[in-house]
Amino acid sequence: MQSFGRRRFIRSGAWALGATLVTSGVSFARADADTKSRFVFVILRGALDGLAVVPPYGDPDYASLRRDLALHAPGSAGGVLPLSNPFGLHPSCQFLHECFTARELVVFHAISSPYRERSHFDGQDVLENGTVRPHAVQTGWLNRALAAMPVRGGAERERGVALGQNVPLVMRGPAAVTSWSPSKLAALDDDTLQRITDLYASDPLLAKRLADALAADEIAASSQAMAQGGTRYGEVINAAAGFLRREDGPQVAVFDTIGWDTHANEGSAEGQLAGRLAALDAGLRTLKEQLGPVWKDTAVVLATEFGRTVAVNGTRGTDHGTGAAAFLLGGAVRGGRVLADWPGLSARALYQGRDLQPTLDLRAVLKGVLQEHLLVPYDAVESSVFPDSARAKALKGLIRT
Amino acid sequence: MLQPFTSAIAANRFGLGARPGDLAHIGNDPVGWLRVQLKGAPPALAAEGLRSSADIIAQSLVVRREIRQARQEARNGDAAALEAVTKLPKLFRPLYIAEVTARFRQAAATDRPFLERVTQFWTNHFAVSVDKVAVLGVAGSLEREAIRPRVLGNFTGLLLAVEQHPAMLLYLDNHISVGPHSRAAAIVGRRNAKRPVGINENLAREIMELHTLGVGSGYTQADVTTFAEVITGWSIGGEAGRFSSGAPGQFVFRSELHEPGAKVVLGKRYPDNGIEQGEAVLRDIAARPATAHFIATKLCRHFIADDPAPAAVAHVANAFTSSGGDLPTVYQALLTAPGAWAQPLSKYKTPSDYIVSTFRGLELPVGDGRGALGAFEVLGQRTYSPGSPAGWPDRSDDWSGASALMKRIEWADAVGQRVGGRREAAGLAPELLGGNLSANTSTAISRAASAPQALTLLLAAPEFMRR
């Protein structure tokens, strides 16, 4: 881990940052936050290019390093959407920009997990397992956070849902979670289902999975009635919203997106990455619309395993890098800000001479959100959820109180 | 500890599931039944509609030229331009369907299912994914041309064939990777200084990380970058901008793209002798202990247990190293590794193997076209589309999600409804599951309300989900 000592945060909006940004174990309890708060974690698998989605167009080295991939200043054709100088947002991210303007989006830059190599799969493992090493544990930080949350209402219930057939590592662990994905198959008749349930009585794993699936189907069925679909992520996002809207439903949802590994022909204002970002942006808009009144209690984090090389490679793409961008949005978020201790893109500022130097630990963001938003106790966050993270102090003030 | 070598474990754990009569045929020599499958040349996959990767890529080069022309002539957004974009998927999709249908038929019918399993293991080890349109038409040919003929050969031969196959070069972008000091870079640089060309390190990294040494085995970023330079020029024949060489669609070494000079990879110096420089690096990497350990770990995880005993991995790795990467020796070691025949069943079938074992067990015919392939998509494992070069994951937790289980049961029910009237589940159960069949499952089947329901229960039984 390198030091985050040199703080030169980019300021924007009315929020005082700097030294007060960092906190230790303070409680931010709101009376009903433990039951109303909703959290969505979106994994951007493949290493999203942070310099493409949040281009530092005002950085003096940006245009020369990014060449064909460089985006233009706000106002010009295909220009970036303005955030705070030197940062803009990719023109495909219209909804995210609306959130920024509405002070419901915090953009993080030069951010990374503690992982410092360049393997997607180990990088994703660290992003999900919450430790400092790949494959150190077989459970995820979000599940361990759920396990540490105060039990409400007494009854054992699913606290998290993974939108997908299977549960990604970040949601695996001791807390009860379920998964859901759209089906084109006909439902079973009750008698056959009962017999299979009986058949699984002596098989704890299958018995549990089947019970979870039945419960999830019931919730999803009620939410699909108002589904509109249409976007790439429409169906799963409608379902996610269906789960999160329920008063007694899971508070946390996770879903995966792939296709961010842009080694060749990445594109700039238009092209491959632009299309994928537009689909993601549309999906997030759908999430807000479908959550309706629950949006105001919702925080969404979008994170990727690492960033990409600062310079364009030989095939008009970018290779595996280090420092990345991340997003926190939602009605519960104190947004309208870019948080970045911007290291710059000059040759000497780069990590190993090629990557954006990470200056912010992703765990600082996640720890802040878990404490302020989901009210996960400080001790649990520091020990079981993110072990060995003392130096990544929780960011304070990310959530509206 | 002496373990019971059972025919049911041989057919399910090391095969693709028993067909009626298989267990009786295996009898009391399950290891012998598996070993004999490793003898004789691997059968070629032949079917109507299968074409060589060279042929397909050569045609796609022509189509790409047409698309470029259409784009130049039509304004963006015009119907003609939009139609041009769909030309490649239109060319590739029928080829993809022909490939996966032939593969599915082979898996459902083969008398050498152990051989088919190791073939599919290597395909997943050297994964390409058809969500990248460029490989949609040639993912199957990677398996058919580079992997299938070499699964009973030597690991090094397999490795070289895969890394030089056009599908792999396309998938991991190496065909367009250019040495910064190559002749091509000099020419392009003179013409357009604003768009310098250079290396793309994707293939070099994934060879080290995913195909051979394994991540964390000691190679550095400098090794990756240098190795990427070493394999610049490993490309595909035909036109490439102003350069043209080699037979269209076939692997070609383009010396004009190659980064000149001797290079040091993993501490060893390799003189610049063109294509042989990269081949020499690959041979040395293949022979490293880290590679033996990495391959052995993946094989043991695939066949034996999610977390195989270190002794099992060491046993297989030793066979790999002492035989110089002789693959049949490695597979035989797998059969004698600690835990290879352990009970209870601990591996959860992948969706693909669940479908194939159902087709084998019920002797279902594999139909034509997309209909036969829908099951793979619905159950979450569309053939050749793992989504990343790491391939499909291989642990039970990766496949046993609640929603995934529900889909499997719903699909089993659909199969039960369709063919249950023509199969007798009570008679089939011991034929397919042998000694693994539990009293619970037998009872449930015998008490089923109907023949279709009985079949659904057999397919949904825990011992049919696992291996």
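**View 1. The interface between chain A and chain B.** In this predicted model, 48 residues of chain A are in contact with 48 residues of chain B, contact meaning that the C-beta atoms of two residues, placed from the backbone, lie within 7 Å. On the side of chain A that touches chain B, α5 (120–129), β6 (177–180), α7 and α8 (204–224) each supply at least two residues; helices (H or I, at least four residues) and strands (E, at least two) are DSSP runs, numbered from the N terminus. The largest share of this side, 8 residues, is that of α8(A). By class, this side of chain A holds 17 nonpolar, 17 polar and 14 charged residues, where Ala, Val, Leu, Ile, Met, Phe, Trp, Tyr, Cys and Pro count as nonpolar, Asp, Glu, Lys and Arg as charged, and the others, Gly among them, as polar.

**View 2. The contact of α7(A) with α23(B).** T192(A), R195(A), I196(A) and L199(A) of α7(A) meet Q453(B), T456(B), L457(B) and A460(B) of α23(B). The residues of this contact comprise 4 nonpolar, 3 polar and 1 charged.

**View 3. The two domains of chain B.** Chain B is divided into domain 1 (172–323) and domain 2 (351–465), with bounds from an automatic or database domain assignment. The contact between them takes 6 residues from domain 1 of chain B and 5 residues from domain 2 of chain B. On the domain 1 side, α12 (202–211) and α15 (289–303) of chain B are the elements that give two or more residues.

Residues are numbered from 1 along each chain as its sequence is written, and chains are lettered from A and ligands numbered from 1 in the order in which they are written. Local features need pLDDT of at least 70 and side-chain atom pairs count only at pLDDT 80 or more, whereas totals for chains, interfaces and linings use all residues.
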